[in-house]
Amino acid sequence: MLAVSGIADRITYFKALARWNGMIKVAIVGAAGRMGRMLMESVVADNETTLSAGIVSTTNGLQGIDCGELIGAGNLGVALTTSLAEVIDTVDAVIDFTCPTYTMENAAICAQHKKTLVIGTTGLTDQQQQQLKVLSQKTPIVCAPNMSTGVNLVFKVLETVAKVLDGEADVEVVEMHHRSKVDAPSGTSLKMAEIVAKATHRSLEECAVYGREGQVGVRKRETIGFSTMRGGDVIGDHTMLFACEGERIEITHKASSRMIYAKGSVRAVKFLATKQAGFYSMTDVLGL
């Protein structure tokens with residue numbers, strides 16, 4: 001069962017039960033992609049959620065096919081569609097791992113219809129993030145660059161390490177992803193660096209170094225460097241390196257399955273079931 005605390009949360013929880021009859025009806029945007037299929041699998045496997053819609057691109061020719069065929073689950077009675085707006089009244093929650101442009105369009109639809117939204121899309125600009133916060137005044141939104149429990153625990157550890165080593169370490173972020181990833185650095189890498197910058201009273205915008213070539217001079221201690229690699233089918237490797245005099249600390253997370261992001265997303269959907277309108281992160285979901 002969902003955990004609730006406080007009178008307001010209890011009221012929201014019982015309203016949710018009355019509306020959903022115990023099952024949260026979920027729509028997956030980008031259902032035909034690798035992540036979309038994992039999300040559908042995770043929603044179907046969870047005993048508190050049910051798959052009610054799958055949205056795909058108009059160009060892939062999958063419209064009308066049953067969602068279950070994409071994940072080897074047989075006939076689920078849920079046909080793929082190309083429009084979130086057409087099915088929004090049949091769902092309670094939406095999960096979106098697409099691209100910034102589509103995510104913003106879908107967020108506006110969710111806000112208009114008061115549907116909860118979980119966003120795993122990376123590459124969102126600061127302006128888009130601010131727009132999402134405005135939309136979250138109408139409906140609960142979880143937005144995170146990484147839905148993995150492990151990665152979010154790393155975020156917490158990084159804050160502690162950065163504060164202890166404040167001013168005593170050269171900081172670098174090293175990440176590698178599959179050849180098809182279109183944004184760089186990854187959203188997770190940027191989040192890691194933002195945490196360290198904030199913990200050490202720096203502005204990432206001012207101290208980030210995204211590439212080095214030629215005679216770049218002596219490294220400045222206040223900078224945070226990024227090294228981005230792309231190739232093969234690597235799901236996601238991230239290392240935050242703190243290089244001190246005489247020792248080096250490396251904090252690494254390696255993903256071996258996209259299912260960790262899918263399970264985290266479903267956890268976020270269930271978290272939002274008891275929440276009022278607002279902008280939430282995976283830190284909130286995990287109680288960190």
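Reader: What volume does the largest pocket have?
Author: About 1200 Å³. Keep in mind that this is a predicted model.
Reader: Which residues lie nearest the centre of the largest pocket?
Author: Q129, P145, L190, K191 and E194. They belong to a lining of 36 residues.
Reader: Which elements give two or more residues to that lining?
Author: Those are α6 (126-135), α7, α8, α9 (204-207) and α11 (282-286). The largest share comes from α8, with 7 residues.
Reader: And by class, what does the lining of the largest pocket have?
Author: 15 nonpolar, 11 polar and 10 charged residues.
Reader: Which element supplies the largest share of the second largest pocket's lining?
Author: α2, with 3 residues. Both α2 (34-45) and α8 supply at least two residues there.
Reader: How does the lining of the second largest pocket split by class?
Author: It has 10 nonpolar, 16 polar and 4 charged residues.
Reader: Let's switch to helices. How do the axes of α7 and α8 cross?
Author: Helix α7 covers residues 149-164 and helix α8 covers residues 187-199. Their axes come within 8 Å and cross at roughly 30°.
Reader: Why are they called roughly parallel to each other?
Author: Because angles under 35 degrees count as roughly parallel, α7 and α8 are roughly parallel to each other.
Reader: Is the crossing of α7 and α8 left-handed or right-handed?
Author: The crossing is right-handed.
Reader: Which residues meet there?
Author: From α7, V151, V154, F155, L158, E159, A162 and K163. From α8, they meet T188, K191, M192, I195, V196 and A199. The residues of this contact divide into 9 nonpolar, 1 polar and 3 charged.
Reader: Now cavities. How many of 30 Å³ or more turn up in the whole structure?
Author: The search finds 1. The largest cavity has a volume of about 40 Å³.
Reader: What lines the largest cavity?
Author: A162, L165, D166, G167, E168, A169, V171, V196, T200, R202 and F242. By class, the lining divides into 6 nonpolar, 2 polar and 3 charged.

Key. Residues are numbered from 1 along each chain as its sequence is written. This is a predicted model: local features need pLDDT of at least 70, side-chain atom pairs count only at pLDDT 80 or more; totals for chains, interfaces and linings use all residues. Side-chain values use heavy atoms; hydrogens and water are left out. On a 1 Å grid over the protein atoms alone, a cavity is a set of points where a 1.4 Å probe fits but cannot get out, and a pocket is an open set with protein on both sides within 12 Å along at least five of seven lines; lining residues have an atom within 4 Å of a point. Grid points are joined across faces, edges and corners, and a volume is the space filled by probe spheres set on the points. Ala, Val, Leu, Ile, Met, Phe, Trp, Tyr, Cys and Pro count as nonpolar, Asp, Glu, Lys and Arg as charged, and the others, Gly among them, as polar. Axes are lines fitted to C-alpha atoms, for helices over the stretch in contact, and angles run from 0 to 180 degrees between N-to-C directions. Helices (H or I, at least four residues) and strands (E, at least two) are DSSP runs, numbered from the N terminus. Angles under 35 degrees count as roughly parallel, over 145 as roughly antiparallel, 65 to 115 as roughly perpendicular and the rest as oblique. A crossing is left-handed if the near helix is turned anticlockwise from the far one by less than a right angle, and right-handed if clockwise. Contact means heavy atoms within 4.5 Å.
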